[in-house]
Amino acid sequence: METIQIQRILEAALLASPEPLSSTRLAGLFTEDEGVTAADVARALEALHTDAGARGVVLAQVASGYRYQVAGDVHAWVARLNAERPARYSRALLETLSLIAYRQPITRGEIEQIRGVVVSSNMIRTLEEREWIRIVGHRDVAGRPALYGTTRQFLDYFNLKALEDLPPLAEIRDLEELAPQFEFETAPGDSGNTLTAPVEAGTADAASHFSAASAAIHLPLPDATAPTPDPDSKEHLA
């Protein structure tokens, strides 16, 4: 089979698929009689990546495989197609997600000890429903608390191939740099911290914005062992 035909087939499959496709799945599109090898698929993907350089989409590789997504420099215009109100995420939720991402596996109690506030069940449920975190085990201590870790969907959403692609924690920045990607809910009396922009998974710079989310959070160390109620949460646990 000619190289250009392999490229056309792969491009069509990637555009038709609602999820990223691994190189193994893409290679599985071809039968043995067609004589297309894994090396042929790899070369075709590289050619598609190069060809997309001057277009409004890019071929990106994330944890689950390859996908076409909107190029970062045209995202502002494409975002106008979405008339829905952007998702809202509290600072507390992003702090919790960052701790799980960087310190996994981690228990809810350990998150509370670091943040100095109670982590609401609704917050954990939200992260689980978005399939960004999951229970990966249980700590072998009294009560056997659940251990949380991030998922492949978390990596895909933030345009990361692996956890090693997370930015170093030394790259601390101010949380306000998240403005292009996240809209934060504000606690009562904190109206000056509202940032408005849609969350968009399909942009080339999503990973850099999550780097600000993860590395830019200033986590207070508690002065006491017992956590205090989280002001960003509507649920205070005993």
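The protein chain has nine helices and seven strands. The model is predicted. Of the 238 residues in the chain, 42% are buried. The accessible surface comes to about 13000 Å². Carbon and sulfur atoms hold 51% of that surface. Take the contacts in the chain with a separation of 6 or more: residues 24 or more positions apart account for 62% of them.

**A three-stranded sheet**

Three strands form an open sheet in the order S4-S6-S5, with antiparallel pairing. Strand S4 covers residues 106-107 and strand S5 covers 133-138. Both stand at the edges with a single partner strand each, so one side of each has no neighbour in the sheet. In general, strands of a sheet pair through backbone hydrogen bonds, either parallel or antiparallel.

Strand S6 spans residues 146-150. Two bridges link S6 to S4 in the antiparallel sense. Five bridges join S6 to S5, and these two strands also run antiparallel. The table gives one residue pair for each pairing.

| S4 and S6 | two bridges | Threonine 107 and leucine 147 |

How many residues of S6 are buried? The count is five of five, so S6 is mostly covered. Ala146, Tyr148 and Thr150 point one way from the strand. Leu147 and Gly149 point the other way. In a regular strand the side chains alternate between the two faces of the sheet.

Helix H5, residues 91-103, lies across S4, S5 and S6. Helix H5 runs at about 90° to S6. Helix H7, residues 121-129, lies across S5 and S6. Helix H7 runs at about 110° to S5.

**Helices H1 and H3**

Helix H1 takes in residues 3-16, and helix H3 takes in residues 38-51. They pack at an angle of about 70°, with their axes 9 Å apart. H1 and H3 are therefore roughly perpendicular to each other. By class, their contact has eight nonpolar, one polar and three charged residues.

Which residues of H1 meet H3? They are Ile6, Gln7, Leu10, Glu11 and Leu14. On the H3 side stand Asp40, Val41, Ala44, Leu45, Ala47, Leu48 and Asp51.

**Valine 36**

Valine 36 is found in the loop between helix H2, residues 23-27, and H3. Is valine 36 buried or exposed? Its relative accessibility is 13%. Buried means under 20%, so valine 36 counts as buried.

Leaving aside its neighbours within four places in sequence, valine 36 is in contact with Met1, Ile6, Phe30 and Val41. Of these, Ile6 and Val41 also take part in the meeting of H1 with H3. Methionine 1 is 35 residues from valine 36 along the chain. The C-alpha atoms of these two residues are separated by 7.0 Å.

Definitions and conventions
Residues numbered from 1 in each chain as written. Predicted model: local features only at pLDDT ≥ 70, side-chain atom pairs only at ≥ 80, totals over all residues. Heavy atoms only, no water. Axes fitted to C-alpha atoms, helices over the stretch in contact; angles between N-to-C directions. Helix = DSSP H or I, 4+ residues; strand = E, 2+ residues; numbered from the N terminus. Parallel < 35°, antiparallel > 145°, perpendicular 65-115°, else oblique. Contact = heavy atoms within 4.5 Å. Nonpolar A, V, L, I, M, F, W, Y, C, P; charged D, E, K, R; others polar. Pairing = 2+ DSSP bridges. Buried < 20%, exposed > 50% of the residue type's maximum accessible area, 1.4 Å probe, protein only. Areas by Shrake-Rupley, 256 points an atom, 1.4 Å probe, with all protein chains shown as cover.
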